[in-house]
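Trainee: I would like to go through the strand pairing here and the terms used for it.

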Amino acid sequence: VGDSGVGKSSLLNQLIISNKNKGNPIRKNKDDENYYFDNQIKKTIGVDFKRTTISLEKSDIKVCLDFFDTSGDLNYLDITKSYFYNVQAFLLVYDVNSMESFLNCKYWLDHINNLNPKYQNNDLIKILIGCKCDSNILKGDSNRRAVPMRKAKKFAKQNGFVLFYETSAKDNINFKELFEEICLELISNY
């Protein structure tokens, strides 16, 4: 969940494609025949369902994950809210280059908590993800970054998130680690 345009679909599309490519992430060289990051992903209307299986490194454990990629557009909220019931985890996504998308995380968190009382008791695995953390940001280009990492970490801690990651589906930053950690959390909780 999260605002429209923060990178939810790109993150999930990259996971699906990476798994189809035997775990190999995107190629950074656009001339490489295996380069497959899509900068033109269409806006999600309502909900898009995605399923993939992740093989955990250093074990023979495989975890099947089902994702409901929900629209961040509030016009579709009545449609998407039915997909939030009885989930085991949710990914709350914001764009590290947009303070507005980060500030709206509180709205999305309250929305999820109000849908089911068990979610308020930390019976739900909550993961906070800052997307679009492309390599120029990590190299110190603070002109683009709008959300300081320390502020996001504080929000995650104060609100019971079990994981916090900053990622880039485009540049494969913390991408594989994020989804392996999600799988480990699911295994340990269910």
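Mentor: Begin with strand E4 (residues 125-131) and E5, which pair in the parallel sense over four bridges. This is a predicted model, in which local features need pLDDT of at least 70, side-chain atom pairs count only at pLDDT 80 or more, and totals for chains, interfaces and linings use all residues. Residues are numbered from 1 along each chain as its sequence is written, and side-chain values use heavy atoms, with hydrogens and water left out.

Trainee: Why are E4 and E5 called paired?

Mentor: Two strands pair if DSSP finds at least two bridges between them. E4 and E5 have four bridges, so they are called paired. In E5, glutamate 166 is the bridge partner of glycine 130.

Trainee: What makes E3 and E5 edge strands?

Mentor: The open sheet has three strands in the order E3-E4-E5, with parallel pairing. Strand E3 (89-95) and E5 each have a single partner strand, so one side of each is left without a neighbour in the sheet.

Trainee: Which residues of E5 point one way, and which the other?

Mentor: From strand E5 (residues 163-166), Leu163 and Tyr165 point one way, Phe164 and Glu166 the other.

Conventions. Buried means under 20% relative accessible area, exposed over 50%, partly exposed in between (1.4 Å probe, protein chains only). Helices (H or I, at least four residues) and strands (E, at least two) are DSSP runs, numbered from the N terminus.
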